[in-house]
Amino acid sequence: MQFGIDQQTIRDIELFTDSKESCSIASFFDETMTKGGQDFLYHLLRSPTTDLTLLENRRAIIAYFQNSALKLEIDSKEIGYIEDYLKLNKASLSSSIFNKVYNGITYFFDQNDGYCLIQKGIENLFSLFRKLRCYILASLELHIPEVLREQFEEIIKFFELAEYKNIFAKKMEKVSFIMLNRYDHSFRERHLDQIHKIVDMLYSFDAYQSIAGVASKENLCCPTYNEPCQPKIQIEGLFHPLLRDAIPYTICTNESSNLCFLTGSNMTGKSTFLKSISVAIYLAHIGFPIPATKMETTIFNGLVATINLADTSAVGYSHFFDEVIRVKETALKLKEKGRMFIVFDELFRGTNVNDALEASLWIIKSFANIRSSCFYISTHITEIENDLKINENNIYKCLNSELVDGESVCNHKLQKDFLYGGLELRIIKNEKIIELLNAIDN
């Protein structure tokens with residue numbers, strides 16, 4: 001089954017960004033050396049799946065690049081010359097003896113751009129293939145994932161063709177004009193598709209090496225997967241990858257407790273926690289390393305996250321109606337996909353407290369009865385707590401804060417008990433807003 005995710009969720013988990021100045025999950029993992037590597041990385045990020053074999057293969061490839069002492073050296077300038085050469089809209093040089101001599105003499109007296117690009121392209125292809133050949137031969141001596149071994153062996157098979165066997169095995173400072181004719185015809189006529197395929201594989205290696213490097217630097221972990229009928233998630237040391245010095249969370253959800261109800265005062269980090277776990281679930285379903293010390297998860301059929309729901313009042317809808325529509329869309333997706341991971345931050349914030357309380361209870365209790373899916377729902381309406389605690393399959397968590405020397409301090413730790421203390425009112429008093437307003441002349 002195809003993994004279900006919509007644009008609202010993609011925006012809310014900050015998978016991509018429209019601004020170069022903004023951080024995103026994509027930019028977090030992007031340390032690629034080539035544009036093709038970046039494109040492949042973004043392709044992976046857009047390709048969540050429920051296929052366990054594919055996820056485990058992808059995870060194994062990333063783990064190999066992370067743990068291997070070998071490093072594939074990629075020169076972006078070198079790749080640039082090769083890309084321009086392979087896209088050259090010019091007939092290939094003839095391999096006949098007469099034309100080799102003719103082209104060489106012509107180039108000696110008239111060094112045109114086309115011939116110069118051919119020369120640069122071929123010289124850089126020789127350099128790239130020589131380095132790639134050495135890297136792959138060394139790698140094949142190691143224990144590597146089977147799916148990666150197949151790619152490596154396919155590349156080596158091309159390098160072992162009779163016309164290339166010796167040329168890629170030695171370093172070459174300069175390519176003669178006779179060799180230019182011979183190999184330009186070979187590269188751009190007979191074996192162009194194979195060379196494009198090898199370059200595309202190189203882009204994938206660039207992307208995987210980038211992901212592996214980030215995983216090592218940021219202390220990410222590889223997820224493990226289970227296949228029970230009921231949802232099960234266990235995460236230790238969970239943090240948001242875009243936050244520095246984040247305080248880690250530990251959470252466990254299983255078939256007997258499939259709904260986590262999160263409450264607490266404003267500014268205590270509820271949204272950050274929900275983004276963190278949403279990102280972890282999504283990354284697990286593309287086979288990427290997770291911002292945690294340990295993660296075990298069920299394979300879900302989709303993710304719905306509603307954290308920053310846009311207000312469409314400009315087109316005649318109230319924010320509350322937008323929330324109702326979003327809940328309905330989620331219900332339809334649950335019916336279609338079955339096992340889902342659902343996140344709602346501040347459910348029904350677009351209406352008055354009494355209606356929000358009653359509507360939230362209706363929806364949350366209904367969600368809790370759907371044991372095949374997992375739900376994480378937050379609200380600052382703490383009165384809901386007592387009604388929900390009677391349901392045995394709910395997990396109740398809260399995030400607390402307190403005033404210390406007049407400042408609001410949040411410990412960002414998931415706790416069992418909520419500290420009732422009117423923190424928001426105390427913050428307003430601390431800022432002396434009432435005194436300021438009273439001092440204004442009528």
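Tutor: Start with β2 and β3, which pair in the antiparallel sense over four bridges. Keep in mind that this is a predicted model.

Student: Which residue stands opposite Cys252 in β3?
Tutor: Gln234 does. Gln234 also stands opposite Glu296 in β5.

Student: OK, β5 then. In what sense do β2 and β5 pair?
Tutor: Antiparallel, over four bridges. Strand β2 covers residues 233–238, and strand β5 covers residues 294–298. Ile233 stands opposite Thr297 in that pairing.

Student: And β1 with β5, parallel or antiparallel?
Tutor: Those two run parallel, joined by three bridges. Thr224 stands opposite Glu296 there.

Student: What holds paired strands together in general?
Tutor: Backbone hydrogen bonds, in either a parallel or an antiparallel arrangement.

Student: So what's the strand order of the sheet?
Tutor: It reads β1-β5-β2-β3. Four strands form an open sheet, and the pairing is mixed.

Student: Why is one side of β1 and of β3 left without a neighbour?
Tutor: Because β1 (224–226) and β3 (249–253) stand at the edges, and each has a single partner strand.

Student: How many degrees are neighbouring strands turned against each other?
Tutor: 20 degrees on average, with direction ignored.

Student: Which helix packs on the sheet?
Tutor: Helix α11, residues 270–284. It touches β1, β2, β3 and β5. The direction of α11 makes about 115 degrees with that of β2.

Student: Switching to helix pairs. At what angle do α9 and α10 pack?
Tutor: About 80 degrees, with their axes 5 Å apart. Helix α9 is residues 177–190, and helix α10 is residues 192–218. At that angle, α9 is roughly perpendicular to α10.

Student: Which residues meet there?
Tutor: From α9, Phe187, Arg188, Glu189 and Arg190. They meet Leu192, Gln194 and Ile195 in α10.

Student: What's the split by class in the contact of α9 with α10?
Tutor: Three nonpolar, one polar and three charged.

Student: Last topic, cavities. How many of 30 Å³ or more are there in the whole structure?
Tutor: The search finds one. About 90 Å³ of space lies in the largest cavity.

Student: Which residues lie nearest the centre of the largest cavity?
Tutor: Thr306, Leu309, Glu323, Asp345 and Glu346. They belong to a lining of 13 residues.

Student: Which helix gives the most to that lining?
Tutor: Helix α12, residues 319–337, with four residues.

Student: And what's the lining like by class?
Tutor: Six nonpolar, two polar and five charged residues.

Technical notes: Residues numbered from 1 in each chain as written. Predicted model: local features only at pLDDT ≥ 70, side-chain atom pairs only at ≥ 80, totals over all residues. Heavy atoms only, no water. 1 Å grid on protein atoms, 1.4 Å probe; cavity = no way out; pocket = protein on both sides within 12 Å on 5 of 7 lines; lining within 4 Å. Points joined across faces, edges and corners; volume = space filled by probe spheres on them. Nonpolar A, V, L, I, M, F, W, Y, C, P; charged D, E, K, R; others polar. Axes fitted to C-alpha atoms, helices over the stretch in contact; angles between N-to-C directions. Parallel < 35°, antiparallel > 145°, perpendicular 65-115°, else oblique. Contact = heavy atoms within 4.5 Å. Pairing = 2+ DSSP bridges.
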